[in-house]
Amino acid sequence: MKWANAECSWSEKITLGNASVVLHVRCTSGFLGNVRNVRISSILRASCGGGQSVKVLVLGASGMLGNATFRLFRESDGYEVIGTVRHERSKQYFAASHQLALVSGVDVENIDSLTRVIGDTKPDLVINCIGLVKQLAEADDPLAAIPINSLLPHRIARLCAVADARFVHMSTDCVFSGAKGMYSESDQSDAKDLYGRSKFLGEVDYPNAITLRTSIIGHELEGARSLVGWFLSQSGSVRGFKRAVFSGMPTVEIARLIRDHVIPNPHLHGLYHVSADPINKYDLLGLVADAYGKQIKIESDESFAIDRSLDSSRFRSLTGFQPKSWAELVRSMRDFG
Ligand SMILES: NC(=O)c1ccc[n+]([C@@H]2O[C@H](COP(=O)([O-])OP(=O)(O)OC[C@H]3O[C@@H](n4cnc5c(N)ncnc54)[C@H](OP(=O)(O)O)[C@@H]3O)[C@@H](O)[C@H]2O)c1
């Protein structure tokens, strides 16, 4: 335990509804010792204490993960949700009722816009879905990738600490080369490319910040860059790589996991693997074809081997999270849209 036997104390004002109390906290070890820099007020709010809603700020609501996270929290009781987008035009993809909760003009290359939205919205929880993914050409440019994938998460964590907010950041199984499989948090990152290396540098471990290292599938608002979007846009036949293994989850299931397993565990901070059970891409595409009624021939291909599966037993044992079967996960992705 990082701070076991360390003595710490602090005072803070807690306001719930119209009532305020000043709490003097002093501890020498154990649970509070471990979370000494996490404000009690954040813990109470982020645990839905006092019947108040938890205010969630989703950064990058136009992205594949961001749009599902924003919509899932908007549809969940007990949350007040605000999403950020870079461009006003991104709002067109959302229902009118959701558009009201989107703030446009937040470009993280202009750090003032980020500082302002956190200051204005005063969130209890910030979820960062902004990143430069490897499918983008800019992900190979250090001047584009390092500020967003490496530096930004640390900046957000600091802004959140000042704003008394908890921070959830998303990292990737691409911090690993895929030579081994079933990687645990203690395995060394061995990515060879800038995307994996830049994301590794961006993994935050602060008392108010948790990094979820995972892989995702899901639906984009526009385009067909991702696996599922690409697959559903194909016709005739595609290759399904039987020796390409991953253990990611649909975007909506990641959002549910944050809601149901991260938020109720406010003491969790640092790096955690989150994953479903490993599946190869051939079997996965077969399940997607079945669930979406896609008529296509998937040719089994064994020429390409990679295994970036993650061992998430640590997160599972601490939170009780149990992934659904792959057939259920794919149906959940289809049904949520
Ligand atoms: N895709 C995967 O397989 C995967 C796996 C594991 C982890 N992750 C991580 O999960 C996060 C989300 O990934 P994703 O697949 O949802 O990516 P995505 O669909 O490409 O979305 C990226 C988001 O970042 C926003 N963004 C990019 N540059 C920005 C800037 N300068 N200012 C403000 N916003 C900016 C984009 O806004 P615009 O819409 O305006 O471009 C978009 O909302 C990333 O951190 C990624 O590394 C992804």
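This is a predicted model: local features need pLDDT of at least 70, side-chain atom pairs count only at pLDDT 80 or more; totals for chains, interfaces and linings use all residues.
1. Ligand shell. The ligand is surrounded by 25 residues, and the closest are Gly 60, Ser 62, Gly 63, Leu 65 and Gly 131. Two elements each give two or more residues to this shell, namely helix 3 (64–74) and strand 7 (166–172). Helix 3 supplies the largest share, with 3 residues.

2. Sorted by class, the residues around the ligand comprise 10 nonpolar, 10 polar and 5 charged.

3. Ser 235. This residue lies in the loop that runs between helix 8 (227–232) and strand 10 (237–246). Ser 235 counts as exposed because it has 9 C-beta neighbours inside 10 Å, and the cut-off for an exposed residue is 12 or fewer. Along the chain, Ser 235 and Gln 295 are 60 residues apart, while their C-alpha atoms are separated by 7.9 Å.

4. The sheet containing strand 10. Three strands form an open sheet in the order 13-10-14, and the pairing is mixed. The edge positions are taken by strand 13 (279–280) and strand 14 (297–307); each has a single partner strand, so one side of each has no neighbour in the sheet.

5. Pairing of strands 10 and 13. Strand 10 and strand 13 run antiparallel and are joined by 2 bridges. Phe 246 has Ile 279, in strand 13, as its bridge partner.

6. Helix on the sheet. Helix 10, residues 281–292, lies across strand 10, strand 13 and strand 14. Relative to strand 10, helix 10 runs at about 125°.

Note on methods
Residues are numbered from 1 along each chain as its sequence is written. A residue is near a molecule or strand if its C-beta atom, placed from the backbone, lies within 6 Å of it. Helices (H or I, at least four residues) and strands (E, at least two) are DSSP runs, numbered from the N terminus. Ala, Val, Leu, Ile, Met, Phe, Trp, Tyr, Cys and Pro count as nonpolar, Asp, Glu, Lys and Arg as charged, and the others, Gly among them, as polar. A residue is buried if 20 or more other C-beta atoms lie within 10 Å of its own, exposed if 12 or fewer, and partly exposed in between; C-beta atoms are placed from the backbone. Two strands pair if DSSP finds at least two bridges between them. Two residues are in contact if their C-beta atoms, placed from the backbone, lie within 7 Å. Axes are lines fitted to C-alpha atoms, for helices over the stretch in contact, and angles run from 0 to 180 degrees between N-to-C directions.
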